[in-house]
Amino acid sequence: MVLLDADAYGYASSALKGPLDEQRRADLLRLTAVFETVLPAIDDEYATTYYTRVRDMVVLAAEIGALRGK
């Protein structure tokens, strides 16, 4: 989970700095899918809330990246 968290923040930071290349956009979509897989397995309420927000950040970063890529 720590690595997912670090990847999420790294990609979100990149999305805010400028356009994302195709590989980074694909990685964001992959990361979103990973969060969708692991979120139901988390049994701690705080962790579920936290990682749901991190997943939401990844989704927004992907949207920003797609918009800047046009």
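Modeller: In this predicted model, the axes of helix H1 (residues 2-17) and helix H2 (residues 22-38) come within 11 Å and cross at roughly 145 degrees. The crossing of H1 past H2 is left-handed.

Biologist: How do you know which residues of H1 and H2 meet?

Modeller: Contact requires heavy atoms within 4.5 Å. On the H1 side the residues are Leu4, Asp7, Ala8, Tyr11 and Ser14, and they meet Arg24, Asp27, Leu28, Leu31, Val34, Phe35 and Val38 of H2. Sorted by class, this contact of H1 with H2 has 8 nonpolar, 1 polar and 3 charged residues.

Biologist: What makes the pair of arginine 25 and glutamate 22 a salt bridge?

Modeller: The rule asks for a side-chain nitrogen of Lys or Arg within 4 Å of a carboxyl oxygen of Asp or Glu. For arginine 25 and glutamate 22 the N to O distance is 2.1 Å, and therefore the pair counts as a salt bridge. Both residues belong to helix H2, where they lie 3 residues apart, about one turn of the helix.

Biologist: Why is arginine 25 called buried, and why is glutamate 22 called exposed?

Modeller: Buried means under 20% relative accessible area, and arginine 25 is at 17%, so it counts as buried. Exposed means over 50%, and glutamate 22 is at 57%, so glutamate 22 counts as exposed.

Biologist: Where in the chain do the partners glutamate 36 and arginine 55 lie?

Modeller: Their side chains meet in a salt bridge at 2.8 Å, N to O. This pair links distant parts of the chain, with glutamate 36 in helix H2 and arginine 55 in helix H3 (residues 45-69), 19 residues apart.

Biologist: What makes Glu36, Arg55 and Asp56 one network?

Modeller: The side chains of arginine 55 and aspartate 56 also meet in a salt bridge, at 2.9 Å from N to O. Aspartate 56, at 34% relative accessibility, counts as partly exposed because this value, too, is between the 20% and 50% limits. Salt bridges that share partners join Glu36, Arg55 and Asp56 into one network.

Biologist: How many salt bridges does the rule give?

Modeller: By this rule the count is 3 salt bridges.

Note on methods
Residues numbered from 1 in each chain as written. Predicted model: local features only at pLDDT ≥ 70, side-chain atom pairs only at ≥ 80, totals over all residues. Heavy atoms only, no water. Axes fitted to C-alpha atoms, helices over the stretch in contact; angles between N-to-C directions. Helix = DSSP H or I, 4+ residues; strand = E, 2+ residues; numbered from the N terminus. Left-handed = near helix turned anticlockwise from the far one by under 90°. Nonpolar A, V, L, I, M, F, W, Y, C, P; charged D, E, K, R; others polar. Buried < 20%, exposed > 50% of the residue type's maximum accessible area, 1.4 Å probe, protein only.
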